[in-house]
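Subject: Structure handover

Hello,

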Amino acid sequence: MSGREILIAGGGIGGLAAALALAQKGRRVRVLEKSDEFGEIGYGIQMGPNVARMLERLGVLKSLEPASVFPEALIFADAMTNEEVTRISLGKAFLARYQFRYFVIHRRDLHGGLLQACRQRSEIVLESSRGIRNCTQQGDTVAVVCENGAAYEGAALIGADGLWSPTRQSVIGDGAPRMAGHYVYRGVVPTGEVADKSRIDTMTIWGGPDLHMVQYRLQGGAVMNNVATICSRRIRRGEPNPGAADELEEIFARTHPGVRDNLRYISRERNWVLHDRDPATNWTDGRVTLLGDAAHPTLQYLAQGAQMAIEDGVVLAEKVAAAGEDYHRAFMAYQRERMNRTARVVLSSRFFGEYIHVDGGARELRNDLARGRDPDHPWEVDWLYKGIDVNDRL
Ligand SMILES: Cc1cc2nc3c(=O)[nH]c(=O)nc-3n(C[C@H](O)[C@H](O)[C@H](O)COP(=O)(O)OP(=O)(O)OC[C@H]3O[C@@H](n4cnc5c(N)ncnc54)[C@H](O)[C@@H]3O)c2cc1C
């Protein structure tokens, strides 16, 4: 163990991955989490081979396997016809190309795996009910004050405090994120309750005008994760109650009955309002930097937000180890290396969000072009799945 403590604001997937990666480099870390308990919401998350590689480096991949499901293929189907338009096969050719498998997992299982690994490291202190309110820098020290008045000092601060990050406001100060006008509803049900099991071994996404639905199994196949997203027409028309449950029904009304039927697995109790930000050019101020959604929040259309946060943590730790106590140098090297890749995820996710949701002639063209794809060559995401070269260049 070496040096003074590094503070991390936020014990989500990104904050814990960073803590673990830094501890592996012998650094002392204190994670300050706003919630009363370290935890995650109860839905699924997709993990590509690029992040499987990182999770192996962090020593947690194997422990996640029993809770993971490894789909045979990623299927894109048309929500209006229920026709499979194209697929990415996740079999031998995929494994040979990327060395790691694609898997889906319950968020609690992923977060729990990282948390357990953190708890086993003497370098890491985890504190809940510690929402940070502000931070200041003086000389080689960063001071943090929490909402409950608790105060801490450290050698550096990593803001892994999510979409509404207060740390970002002290580093960049760019206000609220951009609302996309897209609303997400989710539901997890026992797999036995799902009527149509024809695509049960896959991760299927049905795209349609202003909507899409995603379905895949979790927890060794025991439960089915269902996600329905709409691009609110009420927002575009300036009407009240955008994204409300009755708009979900309205927008899905024209879809194929076999697709619409999946809405019964979706809970109407709450929805998620999607946001992202234009890529920023500086996430670092002295000894403070940002990570994950705090740095580069993205729409979910490439399913890469958490994966980018985990990659961030691994790269950050490498740069910190290489820079000794010069945290500013380490953080600048980290941001330089992460900026373009994460910007590409943010901008490509916006593009895929458009592509999935088109109607009319654009929908016909999309389907026609997609039908010609080679299932064994996912060229659109090849740059992503190939992963990153983690190095100690400063
Ligand atoms: C519908 C949907 C589907 C998605 N699907 C995928 C997917 O399949 N694959 C994928 O990789 N990504 C996916 N994502 C994105 C992913 O959920 C996020 O990118 C990821 O959770 C970001 O992790 P994070 O640790 O940066 O932030 P968060 O998960 O938001 O964690 C931030 C943590 O900081 C805490 N916090 C907040 N404020 C403070 C404060 N002031 N002080 C201290 N702590 C604080 C929070 O309580 C939280 O624990 C999806 C997102 C959505 C909305």
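**Helix packing**

Helix α10 passes helix α11 in a right-handed crossing. The model is a predicted one. α10 covers residues 305–323 and α11 covers residues 327–356; they pack at an angle of about 155°, and their axes are 8 Å apart. Angles over 145 degrees count as roughly antiparallel, and α10 and α11 are therefore roughly antiparallel to each other.

On the α10 side, the contact is made by Met308, Glu311, Asp312, Val315, Leu316, Lys319, Val320 and Ala323. On the α11 side, Tyr327, Ala330, Phe331, Ala333, Tyr334, Glu337, Arg338, Arg341, Thr342 and Val345 take part. By class, the residues of this contact are 11 nonpolar, 1 polar and 6 charged.

The second pair is α1 (residues 13–24) with α5, whose axes come within 9 Å and cross at roughly 30°. That makes α1 roughly parallel to α5, since angles under 35 degrees fall in that class. This crossing is left-handed. α1 contributes Ile13, Leu16, Ala17, Ala19 and Leu20 to the contact, while α5 contributes Leu110, His111, Leu114, Leu115, Ala117 and Cys118. The contact of α1 with α5 has 10 nonpolar residues, 1 polar residue and no charged residues.

Regards

Methods:
Residues are numbered from 1 along each chain as its sequence is written. This is a predicted model: local features need pLDDT of at least 70, side-chain atom pairs count only at pLDDT 80 or more; totals for chains, interfaces and linings use all residues. Side-chain values use heavy atoms; hydrogens and water are left out. Axes are lines fitted to C-alpha atoms, for helices over the stretch in contact, and angles run from 0 to 180 degrees between N-to-C directions. Helices (H or I, at least four residues) and strands (E, at least two) are DSSP runs, numbered from the N terminus. Angles under 35 degrees count as roughly parallel, over 145 as roughly antiparallel, 65 to 115 as roughly perpendicular and the rest as oblique. A crossing is left-handed if the near helix is turned anticlockwise from the far one by less than a right angle, and right-handed if clockwise. Contact means heavy atoms within 4.5 Å. Ala, Val, Leu, Ile, Met, Phe, Trp, Tyr, Cys and Pro count as nonpolar, Asp, Glu, Lys and Arg as charged, and the others, Gly among them, as polar.
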